[in-house]
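Have the viewer open and follow along.

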Amino acid sequence: MPRQWGRRRGAPRSGEDAPVPAGPDADPIVPVDVAVVGCQGAVTVRIPGGESPGEVLVRVRGTNELFVAYTDEALNVGNRVIVHRSRGGRAVDVTSIFTEPE
């Protein structure tokens, strides 16, 4: 079988269309980080709650990593949280497990 020059393995052949999102508003595929689900962390930037994000520092894969965090309730800096869902990319949903006294 002769080698085909000018075409990468897995690239569409001429005449084949590359996959196209399902519309102009289609979101790109964002990989979900399942390793972070179930990990504990601490709020580093206040989370106002609802659709407004904050930031958490989570111990995952042997290091501390920062994630954009969402939750239904407002959480202040220092609150301990647990990640219960990855939204993909560097975004997670968290739940409070301990509140620092004010």
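Arginine 90 makes a handy example, since at 40% relative accessibility it counts as partly exposed.

Now the ground rules. This is a predicted model, so local features need pLDDT of at least 70, side-chain atom pairs count only at pLDDT 80 or more, and totals for chains, interfaces and linings use all residues. Residues are numbered from 1 along each chain as its sequence is written, and side-chain values use heavy atoms, with hydrogens and water left out.

How confident is the predictor? Its per-residue confidence is pLDDT, which runs from 0 to 100. The chain has a mean pLDDT of 79, and 66% of its residues reach 70 or more. Among the elements, strand β1 (residues 40-45) has the highest mean, 96, while strand β5 (residues 91-98) has the lowest, 90.

On to the fold. The chain has 0 helices and 5 strands, where helices (H or I, at least four residues) and strands (E, at least two) are DSSP runs, numbered from the N terminus. Read along the sequence, that gives β-β-β-β-β. Of the 102 residues, 28% count as buried. The accessible surface, from the Shrake-Rupley method with a 1.4 Å probe (for residues, only the protein chains shown count as cover), comes to about 7,500 Å², and 54% of that belongs to carbon and sulfur atoms. As for contacts, meaning heavy atoms within 4.5 Å, take those between residues at least 6 apart in sequence: 42% of them join residues at least 24 apart.

What sits in the middle of the nonpolar part? A nonpolar core here is a set of buried Ala, Val, Leu, Ile, Met, Phe, Trp, Tyr and Cys residues joined through side-chain atoms within 4.5 Å. The largest one has 14 residues, and those with the most contacts inside it are Val36, Ile47, Val56, Val58, Phe67, Val92 and Val94. Strands β2 (54-60), β3 (63-70), β4 (80-88) and β5 each supply at least two residues of this core, with the largest share, 3 residues, coming from β2. In soluble globular proteins, nonpolar side chains tend to be buried together. For a closer look, click on valine 92: leaving aside neighbours within four places in sequence, its contacts include Val36, Val56, Phe67 and Val83, but also Arg85 and Arg87.

The structure holds 5 salt bridges, each a side-chain nitrogen of Lys or Arg within 4 Å of a carboxyl oxygen of Asp or Glu. Aspartate 93 takes part in two of the pairings: one with arginine 85, the closest N and O atoms being 2.7 Å apart, and one with arginine 87, where the closest N and O atoms are also 2.7 Å apart. Aspartate 93 is buried, at 8% relative accessibility. Elsewhere, salt bridges that share partners join Asp33, Arg61, Glu65 and Arg90 into one network.

Let's take that network apart. Arginine 90 and glutamate 65 meet in a salt bridge of 3.0 Å, N to O. That pair links distant parts of the chain, 25 residues apart: arginine 90 is in the loop between β4 and β5, and glutamate 65 is in strand β3. Glutamate 65 is buried, with a relative accessible area of 14%.

Arginine 61 lies in the loop between β2 and β3 and is partly exposed at 49%. Two polar contacts (pairs of N or O atoms within 3.5 Å; within protein, one must be able to donate a hydrogen and the other to accept it, and residues adjacent in sequence count only if both atoms are side-chain atoms) involve its side chain. One reaches the side chain of aspartate 33 at 2.9 Å, and the other that of glutamate 65 at 3.1 Å. Beyond its neighbours within four places in sequence, arginine 61 is in contact with Asp33, Ala35 and Arg90. The C-alpha atoms of arginine 61 and alanine 35 are separated by 7.6 Å, although the two are 26 residues apart along the chain.

Finally, aspartate 33 sits in the segment before β1 and counts as buried at 15% relative accessibility. Not counting residues up to four places away in sequence, aspartate 33 touches Arg61, Phe67 and Ser86. Phe67 is one of the core residues with the most contacts.

Notes:
pLDDT = per-residue confidence, 0-100. Buried < 20%, exposed > 50% of the residue type's maximum accessible area, 1.4 Å probe, protein only.
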